[in-house]
Amino acid sequence: MKKISVRTSDGQEFELEENLAMESATIKTSLDAFSRDDIILLPNVNSWEMVKIIEFFTKVQELETKFGVKFMEKKEGRFLEAFQAEFDKDLSDDNLYCLLWTVDYLGIEVLLENLCHLMAERTKNKTVESCRNLFGVQHDYTPEEEAEIREDYSWAFEGPEIEE
Amino acid sequence: MRNKRREDVASSITEDLHMEILVRLPVKSLIRFQCVCKRWRGLIRSSSFVTAHIRQHSHTHLITDDRSCFDQVELCYSLFRCERFEQSLELKPPFHPQLDYNSRLDYFKIYGSKNGLVCLAGNVMDSSSPIYIWNPSVRKFRILPQPRFDHYCVDCFPKHVDIPLLFGFHPELNDYKVIRMMLPGSIKMEVYTLSTNSWKIIQVIPPWLNTMKFSTRSEFWNGMAYWLATKDSMVRVVSFDTNNEEFEELAVPITILSDDWDAYIEVYKESICLLHVKVELDNDVGCDCIDFWVLQERCFKKLHTVYFPQVYHVIWGFSVDNELLLEDYSSDGELAFYNLESKQVQKIRISSYLSVHTYIESLVLFDM
């Protein structure tokens, strides 16, 4: 199996198996344009993110062997659970957000879907303020406007599951 | 270094990516996150988002009419999350219809559940009896304007058939319809459309429609209504296209041999199918068998026959995962799922209900 070399923004080099590298639409485009022997430069990708992506591919192969299902081809509930448990451990909210952007940039669809799902799980019980911070969104409501929404839908702001 | 990166990402992240995350959030979170910013509020309320959100949340719940509330004044519904089937929520609708619970004919029930909207009504033969469309997830509801026809007159028509309301989704129009058919005597029909909030009387009723003997079984799918009927001891399905307002008689090669025949019209894998229940009393243990007929190009074809080891009674339709929902008559009306492919029965400890419907969370009616 041919190996493709990539270099991340901080100068580290990684080797990916060709079929896995091709899962990234961005890398695939580069490979189609240039020779497969050249190192592909990924100035928008950090080394820690690349490590995570390789971790993901390894996990997929493991689970595909275990369950006998081609996870890269379709979204599978069992994979989501296993994936979440693995990825959730050492990934902060901010890092998850960055990884999400990187995977979107690289165009790795299945990983992107799973990360979006993970991000949704992380976000769903947040308060409005912490959600705003996490997504880096500008607050553009006047206090009166916001108060009106909070009053109209007060039930949505209550509940034991909402993190404080 | 990570902090700098974080800011770079925040400035270049696309709204598409935000949407991919938002669309996977539960309804309650989304309602709260309206306050995050005005752009998000607009996005969450948009029709395209509501549709995309429905697609992400198709595997969720069952909603039941609680039997225990039959004698009470307040309506109660229970929501059960699929997979675990534990009661996740007790729902009390934000409306209180004035109903006469003394009359057996006059009880309030769910007529349909689609894309998170639940259609409820009491006595559908009476035009003053309210009909509601309710979205429990966003806590919004609409009372339908009064229908035109009123045929509730016990003295005049002692043998009336309580044809259920049909409630369904029309995907091409991205709209919801309620169909009310009035029997007996000369058939009258009217159709309600959610987007226009109005009833329309169907003017052209073909004469052959009055020769049909309608049962109480019906289904709405893909903009078409289907009613189960009989004529000359043969089973018939009457279809009505809400686009061109045309009726059609579909033949089913099933002969009715006795009065206690039973069949259901349901949607299975995006096709209309007929489930013909045959109880065989040859054995010591009564064995149910169901013939599956599927509508293919305006004609019903028999797909296969399914046998059940015990006596299952009422069929409640198919779940989102295409499993048959059954009421197990032998164990106090407990619910069970039957998988047609694996032939596995999964019992669920849900009982004491008037009816069961599949239900999903959605944002429909949120912008009301």
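What follows is a friendly conversation about chain B of a predicted model.

Author: In this predicted model, local features need pLDDT of at least 70 and side-chain atom pairs count only at pLDDT 80 or more, while totals for chains, interfaces and linings use all residues. Residues are numbered from 1 along each chain as its sequence is written, chains are lettered from A and ligands numbered from 1 in the order in which they are written, and side-chain values use heavy atoms, with hydrogens and water left out.

Reader: What makes a stretch of chain B count as a helix or a strand, and how many of them are there?
Author: Helices (H or I, at least four residues) and strands (E, at least two) are DSSP runs, numbered from the N terminus. Chain B has five helices and 24 strands.

Reader: Why is Leu274(B) called buried?
Author: Buried means under 20% relative accessible area, exposed over 50%, and partly exposed in between (1.4 Å probe, protein chains only). Leu274(B) has a relative accessible area of 0%, so it is buried. You will find Leu274(B) in strand E17 (residues 271–280) of chain B. Of the 368 residues in chain B, 53% are buried.

Reader: Which residues does Leu274(B) touch?
Author: A contact means heavy atoms within 4.5 Å. Not counting residues up to four places away in sequence, Leu274(B) touches several residues, among them Leu228(B), Val252(B), Tyr264(B), Trp293(B) and Phe300(B).

Reader: What makes Asp232(B) exposed?
Author: Its relative accessibility is 66%, so Asp232(B) counts as exposed. Asp232(B) sits in the loop between strand E13 (224–231) and strand E14 (234–241) of chain B. Its phi is positive, about 55°, although Asp232(B) is not a glycine.

Reader: Why point out a positive phi?
Author: Most residues other than glycine have a negative phi. Leu365(B) is another residue other than glycine with a positive value, near 80°. Leu365(B) lies in the segment after strand E24 (353–359) of chain B.

Reader: Is Leu365(B) buried or exposed, and how do you know?
Author: With 7% relative accessibility, Leu365(B) counts as buried.

Reader: How do you know that the structure has zero disulfides?
Author: A disulfide is a pair of cysteine sulfur atoms within 2.5 Å. A search of the whole structure finds zero disulfides over all chains. Take Cys37(B): the closest cysteine sulfur, in Cys131(A), is 9.0 Å from its own sulfur, too far for a bond. Cys273(B) is in no disulfide either, and the nearest cysteine sulfur, that of Cys299(B), is 15 Å away.

Reader: Why are Cys37(B) and Cys273(B) called buried?
Author: Cys37(B) has 2% relative accessibility, so it counts as buried. Cys273(B) has 1% relative accessibility, so it counts as buried too.

Reader: How do you know that the buried residues of H2(B) line one face of the helix?
Author: The buried residues of helix H2 (residues 15–22) of chain B are Leu17(B), His18(B), Ile21(B) and Leu22(B). Seen down the axis of H2(B), they fall within an arc of 140°, so they line one face. The arc is that of the directions from the helix axis to the C-beta atoms. What covers these residues includes helix H6 (109–123) of chain A and helix H4 (38–45) of chain B.

Reader: What makes E22(B) and E23(B) a pair?
Author: Two strands pair if DSSP finds at least two bridges between them. Four bridges join strand E22 (residues 334–339) to strand E23 (residues 345–348) of chain B, and the two run antiparallel. One bridge partner is Ile348(B) in E23(B), for Leu335(B). The two strands form a hairpin with five residues between them, and Lys343(B) in the turn has a positive phi of about 60°.

Reader: Why do E12(B) and E15(B) stand at the edges of their sheet?
Author: Four strands of chain B form an open, antiparallel sheet in the order E12-E13-E14-E15. Strand E12 (213–221) and strand E15 (246–255) each have a single partner strand, so one side of each is left without a neighbour in the sheet. E14(B) and E15(B) pair in the antiparallel sense over seven bridges. In that pairing, Ser239(B) stands opposite Glu248(B) in E15(B).
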